[in-house]
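Me: I would like to learn how to read the features of a protein model. Can we go through them one by one?

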Amino acid sequence: MTAVLTPAPPRRTGSPGHRAESESWIRGRGSALALTALLAATAALYLWDLTSSGYANSFYAAAAQAGSQSWKAWFFGSLDTSNFITVDKPPASLWVMGLSGRIFGFSSASLLVPQALMGVGSVALVYAAVTRVTNRAAGLIAGAVLAATPAAALMFRFDNPDALLVLLMSAAGYFVVRAIETETGRRAAMWIALTGVALGFAFLTKMLQGLMVLPAFGLAYLVAGHARLRFRLLHLAGGVAAVVAAAGWWVLAVWLWPADSRPYIGGSTDNSVMDLVLGYNGLGRIFGNTGSGGGMTGGSAGSSFGGSTGLDRLFGSEMGIEISWLIPAALVALVFGLLARGRAPRTDRVRASLIVWGGWFLVTGLIFSYMSGTIHPYYTVALAPAIAGMVGTGGYALWQKRGSILGRFGLAFMMVAAGTWSWVLLHRNTEWMPALKWVLLAGAVLGAALIALGDGNRVRKLAVTGVLLGSLAGIGGSASYAIATAATAHSGSIPTAGPSGAVADTGMGGGGRAPGGDMAGGQAPGGDIGGRAPGGGMGGNDGGTSSELTTLLAEAGTTWSAATNGSQSAATYELAADTAVMAIGGWSSDPTPTLDQFVSYVENGQVHYYIAGGGGRAGDSTSGAIEEWVTANFTPVTVGGTTVYDLSGYTG
């Protein structure tokens with residue numbers, strides 16, 4: 001069996017043809033081993049001690065738990081098994097985690113392992129996409145850049161939707177690269193359709209953020225596709241139709257489903273998906289002050305909201321340490337790489353690939369830099385595959401031109417840019433491994449010097465050594481923060497990357513965290529925004545639930561064991577007691593339930609307890625009115641340190 005599956009190396013002979021065949025076989029085996037090592041290292045980074053974060057973000061964990069028990073909750077992305085309200089995102093990522101929980105039993109591992117595997121898959125897809133137009137070495141560099149990005153190490157070990165989003169966008173990038181290289185019209189159309197399907201499901205993961213790559217992908221195929229122009233346009237039209245079909249079926253199903261027999265669409269003002277698309281998760285994110293959650297006007301609520309708008313936002317504070325390590329080098333690779341391919345044919349795959357990755361980065365990066373609505377630093381993980389692709393593809397284009405000044409000095413400039421910016425980022429945290437920044441800077445400068453001197457066959461080995469040394473030094477800073485991120489447990493709604501003390505007020509892109517944990521961007525007050533979870537835990541807003549209260553809720557025996565203000569609080573109780581809890585006002589200030597609806601639920605015996613406190617906004621028309629009614633009609637008791645009202649037996 002081994003002999004069948006593993007080809008034997010060719011015999012050694014004096015024939016030049018046999019020697020070339022032998023060398024090719026050895027290179028192929030070496031590349032396979034290198035890819036295996038890359039994916040194994042990525043898996044180790046993302047899977048090691050993964051359950052230390054417990055349920056990570058309790059908001060999504062509770063919805064995944066509900067989906068593992070109720071197919072209806074799974075389909076809609078409901079926060080609870082009794083389907084009162086959905087999360088404020090479409091449900092695709094919850095489908096994966098919910099199915100995992102249903103198959104393997106709901107736990108921290110069944111919740112988070114799929115996320116980590118999505119990270120490994122994303123690295124493999126970026127490697128494959130870059131390798132198809134360059135070589136294996138460039139693909140390995142691109143894959144390593146993605147794997148070693150702190151934002152990736154954060155999100156692929158967490159239960160937010162961003163992990164699936166990146167996987168689907170990476171798949172779409174691979175598909176469009178395949179379409180560009182395909183000379184047969186039908187096969188090219190098939191790859192473009194697959195691109196559209198992947199992006200359609202990216203929409204069902206995080207709505208409009210999943211479509212930011214469309215302009216770059218469309219432009220790359222329009223410029224470099226092999227088919228005639230009119231057929232390229234038809235193929236792109238088919239791709240758009242595939243996006244609409246892959247995303248629209250769920251939107252249509254929700255629209256056709258009777259509203260009184262499905263959960264309220266969390267985050268919307270009118271219980272519709274389209275309001276969520278255009279409001280809270282659409283224009284509200286870009287312009288602010290749209291949707292039930294409101295928006296963060298001006299993007300100035302501190303590092304947990306991305307800091308002030310502007311071109312420097314991606315480089316400042318928390319965003320800087322999560323994503324910016326190799327942005328300067330990637331931009332150098334993009335510009336010089338395009339110059340290096342200046343006279344190539346229209347269908348040149350390397351230039352087209354640079355348009356794919358560079359356009360992805362520029363469009364998404366500019367939107368992130370200037371959007372005034374709610375944005376968190378971890379959103380930038382969507383840029384990681386683009387940065388990786390730019391570095392790998394642009395570096396290859398320059399290596400091909402290493403005999404020219406453009407090629408050598410372009411590569412050298414990449415190394416110096418990576419090393420210098422890593423020094424700046426590491427210098428922001430002077431107490432953590434203070435010598436590392438100097439080692440990496442020295443390695444990058446030395447690598448750049450060897451590349452610049454490596455002209456001609458006599459000193460070609462200098463250039464190879466320079467690339468290896470400069471690449472390791474350039475990725476080293478990012479990798480060190482990625483490892484520090486993976487070594488730390490995270491919980492809450494806004495996790496942060498890097499070692500302790502990594503975020504400081506740098507004067508670029510905003511300062512530190514919002515004073516007092518102000519969550520002006522529509523987060524639930526009282527929710528955990530700290531990002532780190534010493535010792536793990538469930539990531540709830542109050543750090544856990546007492547055993548007395550857990551027992552009380554588990555034995556309630558009603559449709560909803562309790563009601564409380566805000567989804568974060570409800571999620572904490574659901575995870576602890578494995579029971580449905582009504583989240584009054586949803587994640588932020590959703591107009592549900594009304595006071596009359598809540599009174600009706602109580603009169604019908606559907607809600608047993610009301611738990612005071614929670615994450616509702618002070619004075620909120622929904623939660624405030626309900627709280628006033630409960631306190632006026634029922635007697636409070638203390639259960640495990642929590643104020644609880646028994647609503648059973650109320651007849652009005």
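Me: Which backbone nitrogen does the side chain of aspartate 590 reach?

Reply: First, the ground rules. This is a predicted model, where local features need pLDDT of at least 70, side-chain atom pairs count only at pLDDT 80 or more, and totals for chains, interfaces and linings use all residues. Residues are numbered from 1 along each chain as its sequence is written, and side-chain values use heavy atoms, with hydrogens and water left out. Now the general idea: a polar contact is a pair of N or O atoms within 3.5 Å; within protein, one must be able to donate a hydrogen and the other to accept it, and residues adjacent in sequence count only if both atoms are side-chain atoms. Here, the side chain of aspartate 590 reaches the backbone nitrogen of glycine 267 at 3.0 Å.

Me: Where does aspartate 590 lie? Is aspartate 590 buried or exposed?

Reply: Elements come from DSSP runs, numbered from the N terminus: helices are H or I with at least four residues, strands are E with at least two. Aspartate 590 sits in the loop between β2 (581-584) and α23 (595-603). For burial, buried means under 20% relative accessible area, exposed over 50%, and partly exposed in between, with a 1.4 Å probe and protein chains only. Aspartate 590 has a relative accessible area of 1%, so it is buried.

Me: Which peptide bond in that loop is cis?

Reply: Most residues other than glycine have a negative phi, and most peptide bonds are trans. A cis bond joins threonine 592 and proline 593, with omega about -5°. Proline 593 is in the loop between β2 and α23.

Me: Which residues other than glycine have a positive phi?

Reply: Methionine 207 is one of them, with phi near 55°. It lies in the loop between α10 (185-206) and α11 (214-224). Its relative accessibility is 1%, so methionine 207 counts as buried. Asparagine 271 also has a positive phi, about 65°. Its loop runs between α12 (229-256) and α13 (273-287). Asparagine 271 counts as buried at 15% relative accessibility.

Me: How many residues line the largest pocket?

Reply: Definitions first. On a 1 Å grid over the protein atoms alone, a cavity is a set of points where a 1.4 Å probe fits but cannot get out; a pocket is an open set with protein on both sides within 12 Å along at least five of seven lines; lining residues have an atom within 4 Å of a point. Grid points are joined across faces, edges and corners, and a volume is the space filled by probe spheres set on the points. The largest pocket holds about 910 Å³. It is lined by 37 residues, and Ala137, Ile141, Val467, Leu468 and Ser471 lie nearest its centre. Elements giving two or more residues to this lining include α2 (16-47), α7 (136-147) and α20 (460-486). Helix α20 gives the most, with 13 residues.

Me: How do the residues of that lining divide?

Reply: Ala, Val, Leu, Ile, Met, Phe, Trp, Tyr, Cys and Pro count as nonpolar, Asp, Glu, Lys and Arg as charged, and the others, Gly among them, as polar. The largest pocket's lining has 28 nonpolar, eight polar and one charged.

Me: How many cavities of 30 Å³ or more does a search find?

Reply: It finds four in the whole structure. Helix α3 (residues 58-67) provides the largest share, three residues. Alanine 580 and leucine 79 are 501 residues apart in sequence, yet 8.4 Å apart in space, C-alpha to C-alpha.

Me: How many aromatic pairs are there?

Reply: Rings of Phe, Tyr and Trp (its six-membered ring) pair if their centres lie within 6.5 Å; planes under 30 degrees apart count as stacked, over 60 as edge-to-face and the rest as tilted. The count is 29. Tyrosine 46 is in helix α2 and phenylalanine 156 in the loop between α8 (150-155) and α9 (162-181), so the pair ties together parts 110 residues apart in sequence. Both tyrosine 46 and phenylalanine 156 are buried.
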